[in-house]
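Open the model in your viewer and keep the selection panel at hand. The tour goes stop by stop.

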Amino acid sequence: MQFAVNAGEAVLLRVGGFDSGGLGILTISSDIPPANNDCANAAPIAAGPQLATTHNATTDGPALPPTCNQGTGLNFVNDVWFAHTAECTGTLTVSTCNGASFDTRMAAYSGACDGLSLLACNDDAPGCLAN
C-alpha cells in the first residue's frame, strides 16, 4: 500500500491475514533518500551488524580508480555513507557478504569529503560472489 505522510508524522500500521496468521517480512520504504545519502551526512556506526538501505539513494562520491576494477567495471551508484572511528589498532573488516539483497560495492576513505583518499575497495570478495 502507498499513502502520503509528512515528516515527523506518526503512523500506526496494522498487519494481519485474510484467513489465518503466519510469519513474514514487513518492508517499509519511502521515496525520500536516506539521511546518510551524502558524504557530508555520513551516519556514525560502531563495530557490529548495521542495518543499511540504499533505497532512493543518489550517487555522491569520487570515481573509483582502475585498481578497484575486480572484473565488473567501476560503476558505483545509489550509495550511502557511514563514519566509523577505529576502537583499536589492527585490521578493520567490512563486509556485506550474505547480508544484502543486491550485489554491493564498497570503498573506504580517509580525509574530509572534499579531499578523500581511497584506503580500500571491494566488489566481489572471494567466497562471497553476491556481496
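Start with Asn-36. With a relative accessible area of 10%, Asn-36 is buried, because the cut-off for buried is under 20%. Keep in mind that this is a predicted model. Asn-36 sits in the segment before strand E1 (43-44).

Now show what surrounds Asn-36. Set aside its neighbours within four places in sequence. The contacts of Asn-36 are then Asn-41, Ala-42, Ala-43, Val-80, Trp-81 and Phe-82.

Next, select Asn-56. Where is Asn-56? Look in the loop between E1 and E2. Check the backbone there: the phi of Asn-56 is positive, about 70°, although Asn-56 is not a glycine. Most residues other than glycine have a negative phi. Asn-56 counts as partly exposed, at 30% relative accessibility.

Move on to Asn-78. This residue also belongs to the loop between E1 and E2. Asn-78 is not a glycine, yet its phi is positive, about 50°. Its relative accessibility is 38%, so Asn-78 counts as partly exposed.

For the last stop, select Asp-123 and Arg-105 together. What do Asp-123 and Arg-105 form? They form a salt bridge, with the closest N and O atoms 3.1 Å apart. This pair links distant parts of the chain, 18 residues apart. Asp-123 lies in the segment after strand E4 (117-122). Arg-105 lies in the loop between strand E2 (82-83) and strand E3 (106-110). Buried or exposed? Both Asp-123 and Arg-105 are buried. Side chains of opposite charge can pair when their charged atoms come close. The count for the model comes to one salt bridge.

Definitions and conventions:
Residues numbered from 1 in each chain as written. Predicted model: local features only at pLDDT ≥ 70, side-chain atom pairs only at ≥ 80, totals over all residues. Heavy atoms only, no water. Salt bridge = Lys/Arg side-chain N within 4 Å of Asp/Glu carboxyl O. Helix = DSSP H or I, 4+ residues; strand = E, 2+ residues; numbered from the N terminus. Buried < 20%, exposed > 50% of the residue type's maximum accessible area, 1.4 Å probe, protein only. Contact = heavy atoms within 4.5 Å.
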